[in-house]
Amino acid sequence: MEIQKAAIPSIKALQVFEQVAHFGNVARAAEELNITPSAASHQLAKLEKLVGNSLFNRSAKGVSLTLAGETYLREISQLLLNLAQATAQIRDEKENNALRIHCAPSFGLLWLLPRLKQLHEACPELNVTLSCSYENLSFSRDNIDVAIRHGFPDWSPFDIKTIRDEFITAMASPDYLRRHPAPTPAALAEHRLILSETPLIQWPQWFAAHHLPQPERPWVFSFDRSYMSLQAARLGHGVVLESELLAQDYLRDGSLVRLFPPALSLPVSAHHLVYPRGFGQLARVKRFLHWMQQALDSDRVC
């Protein structure tokens, strides 16, 4: 049966719908798509008229998906991803080697950036573009091949590979430990503690997990970026509770040391390789995922 042209919504309308659903705000979605809010609202109105259903509940606080909108989002998200994949597959050979990675900033700065030379040596044919932000970008709109995200892995309908064997550990600099005797777990609450607000496990959870009283003293510093928390600890400002994965190079060069045996570290599944379903079969993505696994395995051996 021939599909009538009028029954097919425009790609722009679908992109607007997807972004409004993501942000819950028409103006924010319009900003992401580099169009005006009125243009975004017009695209939504046309789409709702075409499907014959309200896709959003609208209120003064923003918009939320209706039941019909949730169903439609599941369907069109996969279609947009399939379209992006089909486009990627027919690019010329030069473009097929262009790997676009989006990364959580602290992982990008502390782990991936120092290893880009190794990636280039292992995969010299890849032309890597690395972007970093805490916002999860759209794979289709922002032309991303693979993302390294931090958080709880609730990003359907994507493929997700969690980075294993990550631990949250108490660390300090040798300079700090020279000025302050190495603490016991019970005495740690009396030390200068740096609160890192990014990890999924923070100081309150660590003390609770080990059945220790919570610190009564205020944090000496609080940071909303892991790389800032770790740098503050390296400078001798106090004890930080952070990811060994992010601190790996600092632990290796001795600028940070673990305070306690491994039994007092807590496992966490905080970093994840995320990509659209099917993208794992693209040669450039496959090569990168293979290299990532090798690099992580090599780091564990060291």
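Predicted model: local features only at pLDDT ≥ 70, side-chain atom pairs only at ≥ 80, totals over all residues.
Residues are numbered from 1 along each chain as its sequence is written, and side-chain values use heavy atoms, with hydrogens and water left out.

**View 1. The open sheet of 5 strands, with the order 4-3-5-13-6 and mixed pairing.** Strands (E, at least two residues) and helices (H or I, at least four) are DSSP runs numbered from the N terminus, and two strands pair if DSSP finds at least two bridges between them. Strand 4 (127–132) and strand 6 are the edge strands, each pairing on one side only. Neighbouring strands of this sheet are turned by 20° against each other on average, direction ignored.

**View 2. Strand 13 (residues 271–276) and its pairing partners.** Because 6 of the 6 residues of strand 13 are buried, this strand is largely enclosed by the rest of the structure; buried means under 20% relative accessible area, exposed over 50%, and partly exposed in between (1.4 Å probe, protein chains only). His271, Leu273 and Tyr275 point one way from the strand, while His272, Val274 and Pro276 point the other way. Strand 5 (residues 146–150) pairs with strand 13 in the antiparallel sense over 4 bridges, with His150 opposite His271 and Ala147 opposite Val274. Strand 6 (residues 158–162) also pairs with strand 13 in the antiparallel sense, over 5 bridges, and here Ile160 stands opposite Val274.

**View 3. Helix 6 (residues 105–112) packed on helix 10 (residues 226–234).** The two helices pack at an angle of about 50° with their axes 8 Å apart, where axes are lines fitted to C-alpha atoms, for helices over the stretch in contact, and angles run from 0 to 180 degrees between N-to-C directions. That angle makes helix 6 oblique to helix 10, since angles under 35 degrees count as roughly parallel, over 145 as roughly antiparallel, 65 to 115 as roughly perpendicular and the rest as oblique. Pro105, Ser106, Leu109 and Leu110 of helix 6 make the contact (heavy atoms within 4.5 Å) with Ser226, Tyr227 and Leu230 of helix 10. Helix 6 also lies across strand 3 (98–103), strand 4, strand 5 and strand 13, running at about 115° to strand 3.

**View 4. Helix 1 (residues 11–23) crossing helix 3 (residues 37–51).** The axes of these helices come within 9 Å and cross at roughly 105°, which makes helix 1 roughly perpendicular to helix 3. Lys12, Ala13, Leu14, Val16, Phe17 and Val20 in helix 1 meet Ala40, Gln43, Leu44 and Leu47 in helix 3.

View 5. Most residues other than glycine have a negative phi.
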